[in-house]
Amino acid sequence: MEVHFTAETEKKLKDLSAQTGRGIDDFVEDATAAYVEELLRTRDMLSSRYDDLKSGRVKPIDGEEAFARLKAKTEAQRNRPA
């Protein structure tokens, strides 16, 4: 597989490789593998949340209501004695 980077990213990879002694291919493989794993976990989580909504296990709330709850929770934490 061939991957193309901007000149700036390529320079950063070359510099990092020179500093660490690791090959550029190793960095690209590690970064890609980590990104793909995170993407898969995110997709699984979103699918699970969608299934919960679809089945009725959880009920959606209005965005304004969610924001109000979050704001109240934040204020309560700020006003809590130390």
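How far apart are the mean positions of the positive and negative charges of the protein? The mean positions of the 15 positive and 17 negative charges are 9 Å apart. Lys and Arg count as positive, Asp and Glu as negative, while His and the chain ends are not counted. Each charge is placed at NZ of Lys, CZ of Arg, CG of Asp or CD of Glu.

The structure is a predicted model, in which local features need pLDDT of at least 70 and side-chain atom pairs count only at pLDDT 80 or more, whereas totals for chains, interfaces and linings use all residues. Residues are numbered from 1 along each chain as its sequence is written, and side-chain values use heavy atoms, with hydrogens and water left out.

The fold was examined next. The protein has three helices and zero strands. From the N terminus on, the order of elements is α-α-α. The radius of gyration is 22 Å, well over the 12 Å that the globule rule gives for 82 residues, so the protein is more spread out than a compact globule. This radius is taken over C-alpha atoms, and the globule rule is 2.2 Å times the number of residues to the power 0.38. Helices (H or I, at least four residues) and strands (E, at least two) are DSSP runs, numbered from the N terminus. Along the principal axes, the C-alpha trace spans about 50 × 40 × 20 Å.

Of the 82 residues, 6% count as buried. Here buried means under 20% relative accessible area, exposed means over 50%, and partly exposed lies in between (1.4 Å probe, protein chains only). The protein exposes about 7,600 Å². Carbon and sulfur atoms supply 55% of that area. Accessible areas come from the Shrake-Rupley method with a 1.4 Å probe; for residues, only the protein chains shown count as cover.

Ser17 lies in helix α1, which covers residues 7-20. Ser17 has a relative accessible area of 16%, so this residue is buried. Its contacts (heavy atoms within 4.5 Å) include partners further along the chain. Leaving aside neighbours within four places in sequence, Ser17 touches Arg22, Gly23, Ile24 and Phe27.

Side chains of opposite charge can pair when their charged atoms come close. A salt bridge is a side-chain nitrogen of Lys or Arg within 4 Å of a carboxyl oxygen of Asp or Glu. A search of the whole structure finds eight salt bridges. One of them joins Arg22 and Asp30, with the closest N and O atoms 2.5 Å apart. Arg22 is partly exposed at 33% relative accessibility. Asp30 is also partly exposed, at 41%.

Arg57 and Asp52 form another salt bridge, at 2.9 Å from N to O. Arg57 is exposed, with a relative accessible area of 60%. Asp52, in contrast, is buried at 19%.

Helix α3 (residues 63-78) holds both Arg69 and Glu65. Their side chains meet in a salt bridge of 2.6 Å, N to O. The two residues are four places apart in the helix, so about one helical turn separates them. Arg69 has a relative accessible area of 49% and is partly exposed. Glu65 is partly exposed too, at 35%.

Distances between C-alpha atoms complete the picture. Glu65 and Ser17 are 48 residues apart along the chain, and their C-alpha atoms are separated by 49 Å. Tyr35 lies in helix α2, which covers residues 24-55. Tyr35 counts as exposed, at 55% relative accessibility.
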